[in-house]
Every structure is written in structure tokens, then in C-alpha cells.
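The entries follow in the order in which I looked things up.

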Amino acid sequence: MLTAEKLHLLLTRPDGRSEARRLHGVALAAAALADLRAAGVVDFEDARPAAEARIRVVAGGTAGHPVLDALLPQADALAGTPVAAAVGKGRPRATKPVIAHLVETGVLRTRPAFLDTRHVPASPTTRAELVTELTAVVRGEREGSEQDLLLLGLLHHLNVLRRLLPEAQGDQSRRDLTRRLEALSREDVLAQAVRRSVSTTAATAAAAPLSTERPVGPGVTVVRG
């Protein structure tokens with residue numbers, strides 16, 4: 001299963017809502033770029049700092065997977081774009097092709113909702129298995145693959161890992177767990193791109209003015225921040 005598909009399942013609640021609604025697309029973009037890189041479609045230039053790494057398109061044709069094939073036109077358009085900038089804009093936009101393939105393979109099912117259509121897990125088993133595998137990696141009970149480490153890094157920077165993997169901490173202190181997760185993702189350009197997006201989103205929200213309007217006369221309104 002693709003990294004983007006696993007991440008989508010981990011972030012999808014039983015009711016179809018996202019655990020990280022504002023940053024779901026950003027995280028999927030990072031995961032999709034990892035899948036495109038693993039398929040040999042794109043690569044990232046070496047750069048210091050890593051935030052300056054750019055996307056290189058290294059192969060054309062087809063990728064051999066319906067999700068990745070659907071993303072190829074977007075991948076071509078990202079050539080030369082800094083990885084952090086692409087991820088921050090949620091590009092490539094992977095949500096629709098990921099959902100479509102998971103529905104087609106029976107992992108998700110479509111459920112009508114009020115004024116909406118949701119895509120909910122067909123069974124809790126797949127997500128539970130992912131949680132078990134990643135928990136074992138964090139606790140040092142199994143060696144994590146490159147995909148596992150990226151997923152852990154993304155969940156950590158989205159600030160949802162402790163909620164999704166409640167048994168991951170084990171005997172570690174919260175501080176030790178945080179240090180371990182930071183160490184796992186410190187050198188990963190995709191995980192760091194998501195980290196930057198989370199920080200930017202939080203800073204923007206914190207800086208948003210809390211304004212109130214008070215009319216003081218005909219045609220005159222005072223806005224107080």
C-alpha cells in the first residue's frame with residue numbers, strides 16, 4: 001500500500017472525518033511525493049538547508065499504480081519547485097485519487113451524509129494493523145522501514161501521533177518520546193516540510209486579529225482589534 005494511502009487511513013476517523021482537517025492535504029502531498037520518489041518518477045536535489053531542496057522529475061511514462069499515474073501531470077508541473085513550497089501548498093493534490101483507489105479496492109466505502117458524501121473505513125482492521133506496526137517501531141520492537149519512519153514523522157509533526165498511537169510511549173517519558181520522534185524525522189525533507197507548514201498555520205491562526213465592529217453613527221463603524 002502506498003505511503004499516501006496508509007497516511008489517509010491513519011488520519012481518517014470511523015465517521016470519515018479527518019484527524020488533521022486543515023493539514024490533511026499537506027500531509028498527503030508529502031506522502032505522495034515520497035511514493036513518486038520511490039517509484040523513480042521524482043527525486044529531490046541535495047541542499048543545505050534541506051528546506052531549499054527542489055523537486056527533480058527524472059522519469060516519464062507511467063508509474064504502474066493508478067494513484068501515481070493520476071499524479072504524473074502534477075509531478076511534471078512541480079519540476080524545479082522547492083519541496084517545502086510544494087508541500088505547503090498541498091501539491092501534488094493527492095486526496096481524490098487516493099480516496100478513489102481505496103474505494104475501488106474496498107478499503108473505504110462511500111456513505112451519504114447531510115449535504116455531503118463521506119468515505120469511511122470499510123473495516124477497522126486495516127487501520128488497527130497500521131497502528132500496531134507503527135507502535136512497535138516507536139517502542140523499538142521492530143525495525144522501521146523508510147515508509148514507517150516517514151509516517152511517524154508526519155504524524156508527529158501533525159501533533160496527532162500520541163492520539164492515534166496511544167501505546168507508543170510505553171515506558172518512555174513524554175520528553176524521551178518526543179526526542180526519539182524528532183531524531184527519526186530530523187533529516188527527512190518531507191517530514192520537515194510538513195513541520196514548517198504546521199508552524200506556519202499555527203502562526204497565522206495566532207496572528208489573526210480578533211476584531212469587533214461598533215457602529216458609532218450613520219455610515220461610520222469603528223473596528224477594534
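**Entry 1: helix α7 against helix α9**

I began with the pair α7 and α9, where L149, L152, G153, H156 and H157 in α7 meet T178, L181, E182, L184 and S185 in α9. I took contact to mean heavy atoms within 4.5 Å. Sorted by class, this contact holds 4 nonpolar, 5 polar and 1 charged residues. For the classes, Ala, Val, Leu, Ile, Met, Phe, Trp, Tyr, Cys and Pro count as nonpolar, Asp, Glu, Lys and Arg as charged, and the others, Gly among them, as polar.

I then looked up the geometry: the axes of α7 (residues 146-157) and α9 (residues 174-185) come within 9 Å and cross at roughly 125°. That angle makes α7 oblique to α9. The axes are lines fitted to C-alpha atoms, for helices over the stretch in contact, and the angles run from 0 to 180 degrees between N-to-C directions. Angles under 35 degrees count as roughly parallel, over 145 as roughly antiparallel, 65 to 115 as roughly perpendicular and the rest as oblique. I noted the crossing of α7 past α9 as left-handed; this term applies if the near helix is turned anticlockwise from the far one by less than a right angle, and right-handed applies if clockwise.

**Entry 2: basis of the values**

I note that this is a predicted model, in which local features need pLDDT of at least 70 and side-chain atom pairs count only at pLDDT 80 or more, while totals for chains, interfaces and linings use all residues. Residues are numbered from 1 along each chain as its sequence is written, and side-chain values use heavy atoms, with hydrogens and water left out.

**Entry 3: helix α2 against helix α7**

I next turned to α2 and α7, which pack at an angle of about 165° with their axes 11 Å apart. The two helices are therefore roughly antiparallel to each other. Here α2 passes α7 in a right-handed crossing. From α2, A27, A30, A31, A34 and R37 meet E146, L150 and L154 of α7. By class I recorded 6 nonpolar, no polar and 2 charged residues in this contact.

I located L36 in helix α2 (residues 24-38). L36 is buried, with a relative accessible area of 0%; buried means under 20%, exposed over 50% and partly exposed in between, with a 1.4 Å probe and protein chains only. Leaving aside residues up to four places away in sequence, L36 touches V41, V42, L68, L72, A75 and P92.

I followed P92 to the loop between α4 (83-88) and α5. A cis peptide bond joins R91 and P92, with omega about 0°.

**Entry 4: helix α1 against helix α5**

I found α1 (residues 3-11) and α5 (residues 95-104) packed at an angle of about 85°, with their axes 10 Å apart. They are therefore roughly perpendicular to each other. The meeting residues are A4, E5, H8 and L9 in α1 with V98, I99, H101 and L102 in α5. I counted these as 5 nonpolar, 2 polar and 1 charged.

**Entry 5: N159**

I placed N159 in the loop between α7 and α8 (161-164). Its phi is near 65°, a positive value in a residue other than glycine. At 59% relative accessibility, N159 counts as exposed.

How values were computed:
Helix = DSSP H or I, 4+ residues; strand = E, 2+ residues; numbered from the N terminus.
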